[in-house]
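The sequence and the model are shown first.

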Amino acid sequence: MAERQYVSKKNESVRMFKSDFMEFFSHVHPATPLVLYIPLVVYMLYAAFWQSRLSVLAVAALFVVVSIPLAVIFWLFFGLTLGRFASAVSAGFAFGYVCYDSIHYAIHHFPMKRGIWLSLKQYHLRHHFHDDHAGYGVSSPLWDYVFRTTRK
Ligand SMILES: [Zn+2]
């Protein structure tokens, strides 16, 4: 019965903040980040080439975002520890991250009214709104059992 307070029956995004001010900024059209950041990216590239006079190679090397270096670090780690299995493990690792990120987005923004999806939504929203020191799992509670972070 207590779980019902965390899942709406309406087709709406889940409230993320108690503050109306903060909540207002958490609901944007999916294209909003593109509209905001693409002009910034274009301007920064312009500044890098024309104001800072960096070469194409330097800009390309510096342009790479945080996630790609981290992926390379993990790939190298897997290569050192797993040898010829590293590429397959890396592919699974990257796919797992994409699944995690997609499920997390869906939990917050899509209506999930039954089955495993409702269970995942309830589980994750309890983490956000009831006890943020437990229930970290997004795609399953598996690692919460392993790391003993399930709710009491
Ligand atoms: Zn979340």
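Helices, as the term is used here, are DSSP runs of H or I of at least four residues, numbered from the N terminus. The model is a predicted one, and helix α5 of that model covers residues 86-109 and contains Tyr105.

## Overall form

The secondary structure of the protein chain consists of 7 helices and 0 strands. Read from the N terminus, the order of elements is α-α-α-α-α-α-α. The radius of gyration is 20 Å, well over the 15 Å given by the globule rule for 152 residues, so the chain is more spread out than a compact globule. The C-alpha trace spans about 60 × 45 × 25 Å along its principal axes.

Of the 152 residues, 6% count as buried. Among contacts between residues at least 6 apart in sequence, 31% join residues that are at least 24 apart.

The domain assignment divides the protein chain into domain 1 (16-63), domain 2 (65-99) and domain 3 (111-152). Between the C-alpha centres of domain 1 and domain 2 there is a distance of 26 Å.

## Confidence

The average pLDDT of the protein chain is 85, and 90% of the residues score at least 70. Confidence is lowest in helix α1 (residues 20-26), with a mean of 82, and highest in α7, with 95.

| Helix | Residues in helix | Span, first to last C-alpha | Expected span at 1.5 Å a residue |
|---|---|---|---|
| α2 | 20 residues | 28 Å | 28 Å |
| α5 | 24 residues | 34 Å | 34 Å |

The reach of α2 is close to its expected value, and the reach of α5 is likewise close to its own. How many residues of α5 are buried? Of its 24 residues, the number buried is 1, so α5 lies largely in the open. Helix α2 is hardly covered, with a count of 0 buried residues among its 20.

His29 lies 76 residues from Tyr105 along the chain, and their C-alpha atoms are separated by 13 Å.

## Residues with positive phi

Most residues other than glycine have a negative phi. Which backbone angle sets Arg53 apart from that pattern? Arg53 is not a glycine, yet its phi is positive, at about 55 degrees. This residue belongs to the loop between α2 (32-51) and α3 (56-63), and its positive phi comes just after α2. Is Arg53 buried or exposed? With 8 other C-beta atoms within 10 Å, Arg53 is exposed.

Arg148 also has a positive phi of about 55 degrees without being a glycine. Its place is in the segment after α7 (142-146). Arg148 has 7 C-beta neighbours inside 10 Å and so counts as exposed.

## Summary

The predicted model shows a chain of 7 helices and 0 strands, in which 6% of the 152 residues count as buried.

Methods
Residues are numbered from 1 along each chain as its sequence is written. This is a predicted model: local features need pLDDT of at least 70, side-chain atom pairs count only at pLDDT 80 or more; totals for chains, interfaces and linings use all residues. Domain bounds come from an automatic or database domain assignment. Helices (H or I, at least four residues) and strands (E, at least two) are DSSP runs, numbered from the N terminus. The radius of gyration is taken over C-alpha atoms; the globule rule is 2.2 Å times the number of residues to the power 0.38. A residue is buried if 20 or more other C-beta atoms lie within 10 Å of its own, exposed if 12 or fewer, and partly exposed in between; C-beta atoms are placed from the backbone. Two residues are in contact if their C-beta atoms, placed from the backbone, lie within 7 Å. The expected span of a helix is 1.5 Å times one less than its number of residues. pLDDT is the predictor's confidence in each residue, from 0 to 100.
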